[in-house]
Amino acid sequence: MPVNASSESIEPKPLEPGLYIVATPIGNLGDITLRAIDVLRAVSVIACEDTRVTGKLLKACCVKTRMQRYDDHASPAVRKKLIETAINEPVALVSDAGTPLVSDPGYRLVRDAREAGVNVTTIPGACAAVAGLTLSGLPNDRFLFAGFLPVKDKARSDVLAQLGGIEATLIFYETGPRLERSLKAIAQVWPTREIAVARELTKLHEECRTGTAEELVDHYSDHPPKGEIVLLVGPPMQETNDIDADDLLKDALQEMSASKAAGKVARATGLDRQTLYARAVELKQQ
Ligand code: SAM
């Protein structure tokens, strides 16, 4: 397949100047696309996070193009130079793995390039968030990618509180050493939501384990997870179909006021707090 063959024409055309955002595999090298290889061969320079990591990929694909280290902390001068080059020549942007800009560098470069009138185009491919979603069996009609959860307890619980009412599957990137703490925090706020841990996607030991956060804590405390992880949380809607909010309210009412019980159940389910409060008052009177 030529570099920029379209459905209208199969004639190879020289690669136009511009910035080419090129996705690379997230584990299995076989996931590099034909177009990605063609573009990486044809560009003048490949901007990458780590020349050693990208160098291995290029070697495996017999690509000899020059690399230039780039991340969003690079000096404005480096970014400016890449953009100047992209005005007259084709330049590729890759990250260590997967789709650039998805929890990876490139945002500033793409923004500045667009502002400078550079032709920016994308060569799509692997992305762990989407691969994890497709594997999880969780609802996928709406999803929200939220990057990495904060490490500190307070910041993490603030983020979970912000996301609580969103009626979509939530997708987080995670690391093995941090998984258990994140699951414990999720168990506190969303005890009954369905969770999926998608690990080592596209690699030899790929697995996707589902359950409640507490069930997964039990599993991973006995089997510390290795490798790379996507953590997914099913939407509150699914939970409200599966469980009865009345049961949660009744439990909560044994220990707290109607107002507090409504707040607790609203945080856990994403249901409307005022409706829950009205129902809690009714339940108290029964
Ligand atoms: N840009 C990449 C993408 O498109 O997925 C993500 C880069 S981000 C710095 C790295 C995180 O992505 C990892 O910590 C992990 O959460 C997730 N990840 C990357 N590769 C993965 C894989 N093979 N299996 C599961 N998660 C993966």
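Buried, on this tour, means under 20% relative accessible area, exposed means over 50%, and partly exposed is in between (1.4 Å probe, protein chains only). The model is predicted, so local features need pLDDT of at least 70 and side-chain atom pairs count only at pLDDT 80 or more, while totals for chains, interfaces and linings use all residues. Residues are numbered from 1 along each chain as its sequence is written, and side-chain values use heavy atoms, with hydrogens and water left out.

Start by selecting R193. R193 is buried, at a relative accessible area of 1%. You'll find R193 in the loop that joins α7 (176–189) to β8 (195–199); helices (H or I, at least four residues) and strands (E, at least two) are DSSP runs, numbered from the N terminus.

Now show what the R193 side chain reaches. One of its polar atoms sits 2.7 Å from the backbone oxygen of G164, and the side chain also gets to the backbone oxygen of G234, at 3.3 Å.

Next, colour by domain: domain 1 is 18–126, domain 2 is 129–233 and domain 3 is 240–285, with bounds from an automatic or database domain assignment. Turn to domains 2 and 3, whose C-alpha centres are 25 Å apart. Seven residues of domain 2 and four residues of domain 3 make the contact (heavy atoms within 4.5 Å).

Last stop: look for salt bridges between domain 2 and domain 3, and the count is zero (a side-chain nitrogen of Lys or Arg within 4 Å of a carboxyl oxygen of Asp or Glu).

Terms used:
Polar contact = N/O pair within 3.5 Å; in protein donor to acceptor, adjacent residues only side chain to side chain.
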